[in-house]
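I opened this entry to record what I looked up, topic by topic. The structure comes before the notes.

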Amino acid sequence: MDALELFRDQIRLWTLKQLCHLGFGHYGGSLSIVEALAVLYEKVMKITPDNFHDEKRDRFILSKGHGGPALYATLALKGFIPFGMLYTLNQNGTRLPSHPDRNLTPGVEMTTGSLGQGISVAVGVALSHKLSGIPAYTYTIVGDGELNEGQCWEAIQFAAHHQLHRFVVLVDDNKKQLDGWTKDIVNPRDFVEKFKSFGFWSRRVDGSSLAEIEEAIEEGKKQTEMPVAIILDTKKGQGVPYLEAKEDNHHIRPTEEDKRAIEAAIQELERKCAGGVAQ
């Protein structure tokens, strides 16, 4: 297992351990962004605890804030927060609320959870960098259900108009949202063509493939006049077959059967990560 694969498995492991300890939470949409976070934080972005207040650093905004547990796991693995803090997820007095809060958690750029607002702020950050001549990249992850929001498309149109070529949107196209299948609630049609029509460079990739995600980001970064949209073909509960197959897997209060399956997944990930996971 190479370092990036190990990092991915560590994020998935600590995401599950947090949620299992809490007893409920957003399993589906946290697990579906694990690969994207692994590539961003391990291979692509220039963000560390040491440079987090440097104006020239890259920025990451998790617009789909309900994926917070996966981001927290990533931040712990990168040294922003202690691992013990993960077990305080969504508890009274925690610094890790269910949706990220920039005033509470080191490494969080933007308080998110009100869908549509994160991508809008990310566009503003990217515009600020362009006007200031700062050659940093701004990355954001949005959900396919989140793109039901009109505010997202206002931001997308604005980014294209201002040719924010250092702005990269990753769409977690996991096909589901809180109330069911995305196509049954508001059919998004073809995200790639939709983003292209707004003036983005756009590509669809296998959202479980570290190599495809990294390659698409690097290809997108060659653009000099267009913002970038990478559509991640993912599954809710990604990486845990039992949770992938579970119909209602957006927010889960596990049954006894669920708990046994999740614990088995944790044990398998611990075996895979043996020797590489902080305790």
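**Helix 9**

I began with helix 9, where Ala211 and Glu215 are exposed on one side. Exposed here is over 50% relative accessible area, buried is under 20%, and partly exposed falls in between (1.4 Å probe, protein chains only). Helices are DSSP runs of H or I with at least four residues, strands are runs of E with at least two, and both are numbered from the N terminus. The model is predicted: local features need pLDDT of at least 70, side-chain atom pairs count only at pLDDT 80 or more, and totals for chains, interfaces and linings use all residues. Residues are numbered from 1 along each chain as its sequence is written, and side-chain values use heavy atoms, with hydrogens and water left out.

Which residues of helix 9 (residues 210-220) are buried? I noted Leu210, Ile213, Ala216, Ile217 and Gly220. They sit on the same side of helix 9, because they cover an arc of only 140° around the axis. The arc is taken over directions from the helix axis to the C-beta atoms. I then looked for what covers these buried residues: the cover includes helix 1 (3-22), helix 3 (34-44), strand 2 (138-143), strand 3, strand 6 (201-206) and strand 7 (228-233).

Glu214 is also in helix 9. Glu214 is partly exposed, at 22% relative accessible area. Leaving out residues up to four places away in sequence, Glu214 touches Leu4, Val39 and Lys43. Contact means heavy atoms within 4.5 Å. I also checked Glu214 against Leu40: they are 174 residues apart along the chain, and their C-alpha atoms are separated by 8.0 Å.

**Cysteines**

How many disulfides are there? I count 0, taking a disulfide as a pair of cysteine sulfur atoms within 2.5 Å. The sulfur of Cys20 has its closest cysteine sulfur in Cys273, 16 Å away, so the gap is too far for a bond. Cys20 is partly exposed, at 32% relative accessibility. Cys273 is buried, at 1%.

**Positive phi**

I looked up two residues other than glycine with positive phi. Asn90 has phi near 60°. Asn90 lies in the loop between helix 4 (68-77) and helix 5 (117-132), and is partly exposed at 34% relative accessible area. Lys175 has phi near 75°. Lys175 lies in the loop between strand 3 (167-173) and strand 4 (176-177), and is partly exposed at 28%.

I searched on a 1 Å grid over the protein atoms alone: a cavity is a set of points where a 1.4 Å probe fits but cannot get out, a pocket is an open set with protein on both sides within 12 Å along at least five of seven lines, and lining residues have an atom within 4 Å of a point. Points are joined across faces, edges and corners, and volume is the space filled by probe spheres set on them.

The largest pocket holds about 250 Å³. Of its 21 lining residues, His66, Leu115, Gln177, Leu178 and His250 are the closest to its centre. The lining divides into 3 nonpolar, 10 polar and 8 charged residues. Nonpolar is Ala, Val, Leu, Ile, Met, Phe, Trp, Tyr, Cys and Pro; charged is Asp, Glu, Lys and Arg; the others, Gly among them, are polar.

I found 1 cavity of 30 Å³ or more in the whole structure. The largest cavity has a volume of about 50 Å³. Its lining has 7 nonpolar, 2 polar and 1 charged residues. Strand 1 (residues 59-62) gives the largest share of that lining, 3 residues.
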